[in-house]
Amino acid sequence: MEWENQTILVEFFLKGLSGYPRLELLFFVLILIMYVVILLGNGTLILISILDSHLHTPMYFFLGNLSFLDICYTTTSIPSTLVSFLSERKTISFSGCAVQMFLGLAMGTTECVLLGMMAFDRYVAICNPLRYPVIMSKDSFVPMAAGSWIIGVINSAVQTVFVVRLRFCRNNVINHFSCEILAVMKLACADISGNEFIMLVATTLFILTPLLLIIISYTLIIVSILKIRSSEGRSKVFSTCSAHLTVVIIFYGTILFMYMKPKSKETLNSDDLDATDKLISMFYGVMTPMMNPLIYSLRNKDVKEAVKHLLSRNVFNK
């Protein structure tokens, strides 16, 4: 019977908030506002880091990459989600779903690795400041950022290829807002243990390994800060990495809750996605990219001074 129900899918139906038109309208307005804030906030950070020569440092090069990454990540899913909220036909083609899966996973993986690189940058700056210009030279930080993107693309390409090669039955309802890879895997009528193993390996390499680097880096940073005798000195040093640490806590706290909690076979094959998972997914997909520029601008004196400097030169008025 399983083979009789097998068919070639040409499109998926994105369930999202179907059946709740008022909630769809509410979320349309909220997400649209958040998306505009994401574009303006991250775009401004990129512009500032390019225009102000004082910010031509490894830290702000990574931050520029992070901001561009957040714009790309949200653009892969938010516009289509907004359209689906207002449309009665909430479908996406099989190829379009594959592209959305690939881009979303690539951006997410890249951000994990990039945050690890940024933690290493802060470690060298605080724990080995005299060698910082040598260790974090342009020949080092540019390949580090490029490597983050390459790792993200390769990991996503491998996982996406293995998912699209699965056999799908007549059930084409994705109980999600977008083509999230786990939600798509649930629809397969084939054995997905191989996909789960690949995802486990990728999670260990590209999520847990950067997290381990971040933990080690900040452990050494804290030890170094505690050796400073004056409270003013400790506060000044910690302020240089507090923004990044805040972003890491928000990002990894969300992603670990989503992907690292145990999933039983029954849960994986169920038709209904837990409401908490949907809210967490929305938070991860929209709130985190929106918060990043706010955190870096509100808690970073260099960015504030750069904005004042650029405004005094009337850069934004030209």
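User: What share of the 318 residues of the chain counts as buried?

Analyst: In this predicted model, 45% of the 318 residues count as buried.

User: Which elements make up the chain, and what share of its contacts with a separation of 6 or more comes from residues 24 or more positions apart?

Analyst: The chain holds twelve helices and three strands. Of the contacts with a separation of 6 or more, 81% are accounted for by residues 24 or more positions apart.

User: Why are α1 and α3 called roughly antiparallel?

Analyst: Helix α1 (residues 21-51) packs against helix α3 (residues 78-86) at an angle of about 155°, and their axes are 9 Å apart. Angles over 145 degrees count as roughly antiparallel; α1 and α3 therefore receive that description. Their crossing is left-handed.

User: Which residues of α1 and α3 meet, and what is the contact like by class?

Analyst: From α1 come Glu24, Phe27, Phe28, Ile31, Leu32, Tyr35 and Ile38, which meet Ile78, Pro79, Leu82, Ser84, Phe85 and Leu86 of α3. By class, this contact has eleven nonpolar residues, one polar and one charged.

User: How many aromatic pairs does a search of the whole structure find, and what makes the pair of Phe68 and Trp149 tilted?

Analyst: The search finds nine aromatic pairs. Phe68 and Trp149 lie 5.9 Å centre to centre, with 45° between the planes. Centres within 6.5 Å make a pair; planes under 30 degrees apart would be stacked and those over 60 edge-to-face, so the remaining angles are tilted. Phe68 belongs to helix α2 (residues 58-75) and Trp149 to helix α6 (residues 138-164), so the pair ties together parts that are 81 residues apart in sequence.

User: Why does Phe68 count as partly exposed?

Analyst: Its relative accessibility is 43%. Buried requires under 20% and exposed over 50%, so Phe68 counts as partly exposed.

User: Which residues form one aromatic cluster?

Analyst: Phe12, Phe94 and Phe168 form one such cluster.

Notes: Residues are numbered from 1 along each chain as its sequence is written. This is a predicted model: local features need pLDDT of at least 70, side-chain atom pairs count only at pLDDT 80 or more; totals for chains, interfaces and linings use all residues. Side-chain values use heavy atoms; hydrogens and water are left out. Axes are lines fitted to C-alpha atoms, for helices over the stretch in contact, and angles run from 0 to 180 degrees between N-to-C directions. Helices (H or I, at least four residues) and strands (E, at least two) are DSSP runs, numbered from the N terminus. Angles under 35 degrees count as roughly parallel, over 145 as roughly antiparallel, 65 to 115 as roughly perpendicular and the rest as oblique. A crossing is left-handed if the near helix is turned anticlockwise from the far one by less than a right angle, and right-handed if clockwise. Contact means heavy atoms within 4.5 Å. Ala, Val, Leu, Ile, Met, Phe, Trp, Tyr, Cys and Pro count as nonpolar, Asp, Glu, Lys and Arg as charged, and the others, Gly among them, as polar. Rings of Phe, Tyr and Trp (its six-membered ring) pair if their centres lie within 6.5 Å; planes under 30 degrees apart count as stacked, over 60 as edge-to-face and the rest as tilted. Buried means under 20% relative accessible area, exposed over 50%, partly exposed in between (1.4 Å probe, protein chains only).
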